[in-house]
Structures are given as structure tokens and as C-alpha cells.
Amino acid sequence: MNQVSALSKKAIFREIENNMFIIQFFHWKDKEVLNGRPWCFNQYLILLQELGPSVQPNDIQMKTSPFWVRIYNLPFDCRTKEHVTILASKLGEVLEVEDDIIEWDRSMRARVMLDTYKPLRRLQKTRNKKGETCWVEFKYERLPFFCYKCGIMGHTERDCQMKEDEGEEKGRQWGAWLKASPRKGMKIGRKKSSN
Ligand SMILES: [Zn+2]
């Protein structure tokens, strides 16, 4: 894992339960690797959570992970941090909203703590400044495996618990189109556009 190799000091991994590990860091700065979440291994999401010293293993509930979410088809008069925060909060706790960089992308980005046990939300109803109802679309960066049938991370359609007819009835409502490629090379893009 690249993130682990970036540590300045060693870290200790201990397995406390099946598929549950404690990672102990020895330098406060190494904890910052958590900012690189979501971590994935073989396209499976690794849930990471900071623990206090008095936590009991039975009380640990690993459900959430931060993701960069992009909001598309946003009315131009809704491209404010306030409006994006309201929309992103429908998905979970909003950690950060990126400044509007309209020359770079049609979308706006927010970092949101998602409940990984809930289906990925694809659309959200909102109102423009005239009060007209419209729908905006969400896409997610660095998405791990998720099910195109129920929209939940951690399994694929083959292992889905949802009854076959439930999913078929509505048709596949999730798909690879929910994946947004992570934003890279923004500086290069900006340079180009200013030339
Ligand atoms: Zn499923």
C-alpha cells in the first residue's frame, strides 16, 4: 500500500478480529495518511477510524469513510459553497467543499463522510434561485467495488442479498457511470487554459 510506505516511522498492525486490524502509529504526523482516504485494496474499501485509548473493541462500529463527491448539472446560480454544502449534506457529514473552479470542470466537489452501508445516492432534488425544482447528479471519486443492483459498496451483483425480482423490476439503477476519476493535474489544466 502506497499510503503505508509514505510513513516516516514504522507502524504496527495487529489483527484484533477477522478483517479488523489496529494500526499503531509512532509519529503524530503519520496519522495524516488518514487524509488519503478512501483506502482500497483490490478494489475493496478499507474502513479506517481513529480510536481513543479507552475504546473497547466491541464498541467499534466501522461504517463510514470519506469520499470526494462531484455534483453535476448544478444550476449556475447554485454554485455557491453554501448551496453545495446543503446538497452534499444529504449524503453525510460534509468535511470540505472545494472552491468553484468553473473553468476546470462542470462539477463542484465536496468531501463527505459516507455511510458505506447505504446505497450510493445518484440524484438530489434542489431549487434554483428562481425557485424552480431541478435535479443534480452525484458522482464519486475512487469508488471501490459496489453493487449495480442495490448501490451498496463491498459486494458485486453476484453476491447481492437483494431479491432478484426486486432489482430486476426497477432495472439497474447504479452503474460505472457513478465513478468520477480523481482530480489530478489541476495545475497543468489551469496553466493550459491561461495560455
Ligand atoms: Zn447488492
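Does Ser65 count as buried or exposed, and at what relative accessibility? In this predicted model, local features need pLDDT of at least 70 and side-chain atom pairs count only at pLDDT 80 or more, whereas totals for chains, interfaces and linings use all residues. Residues are numbered from 1 along each chain as its sequence is written, and side-chain values use heavy atoms, with hydrogens and water left out.

Ser65 counts as buried because its relative accessibility is 1%; the term buried denotes under 20% relative accessible area, exposed over 50%, and partly exposed the range in between (1.4 Å probe, protein chains only). Ser65 lies in strand β5, residues 64-72. Helices (H or I, at least four residues) and strands (E, at least two) are DSSP runs, numbered from the N terminus. With neighbours within four places in sequence set aside, the contacts of Ser65 are Pro38, Leu45, Leu47, Val112, Met113, Leu114 and Thr116, a contact being heavy atoms within 4.5 Å.

The protein chain contains four helices and 10 strands, in the order α-β-β-β-β-β-α-β-β-β-β-α-β-α from the N terminus. Of its 195 residues, 35% are buried. Among contacts in the protein chain with a separation of 6 or more, 59% join residues 24 or more positions apart. Ile23, in strand β2 (residues 20-25), is partly exposed because its relative accessibility is 22%. Leaving aside neighbours within four places in sequence, Ile23 is in contact with Ala11, Ile12, Phe13 and Leu48.

The zinc ion has as protein donors Cys147 (SG), Cys150 (SG), His155 (NE2) and Cys160 (SG), at 2.1 to 2.4 Å. Donors are N, O and S atoms within 2.8 Å of the metal (3.2 Å for Na, K and Ca); water is not among the atoms, so sites may look incomplete. The arrangement is tetrahedral because the four donor atoms subtend angles of 102 to 120° around the zinc ion, the criterion for four donors being that all angles lie between 85 and 135 degrees. The sequence spacing of the donor residues is C-x2-C-x4-H-x4-C. Both Cys147 and His155 are buried. Arg158, in the loop between β9 (133-141) and α3 (164-170), is exposed because its relative accessibility is 76%. A C-alpha separation of 8.5 Å is found between Arg158 and Cys147, which are 11 residues apart along the chain.

Two aromatic pairs are found in the whole structure. Tyr44 and Phe145 form an edge-to-face pair, with 4.9 Å between centres and 65° between planes; rings of Phe, Tyr and Trp (its six-membered ring) pair if their centres lie within 6.5 Å, and planes under 30 degrees apart count as stacked, over 60 as edge-to-face and the rest as tilted. This pair links distant parts of the chain, since Tyr44 is in strand β4 (residues 44-46) and Phe145 in the loop between β9 and α3, 101 residues apart. Tyr44 is partly exposed at 39% relative accessibility, and Phe145 is partly exposed at 27%.

The charged end of Arg122 sits over the ring of Trp174, 4.0 Å from its centre, a relation that requires NZ of Lys or CZ of Arg within 6 Å of the ring centre and within 35 degrees of the ring normal.

Terms used. Four donors count as tetrahedral if all angles lie between 85 and 135 degrees; four count as square planar and six as octahedral if opposite donors are over 155 degrees apart and all others between 65 and 115; anything else is irregular.
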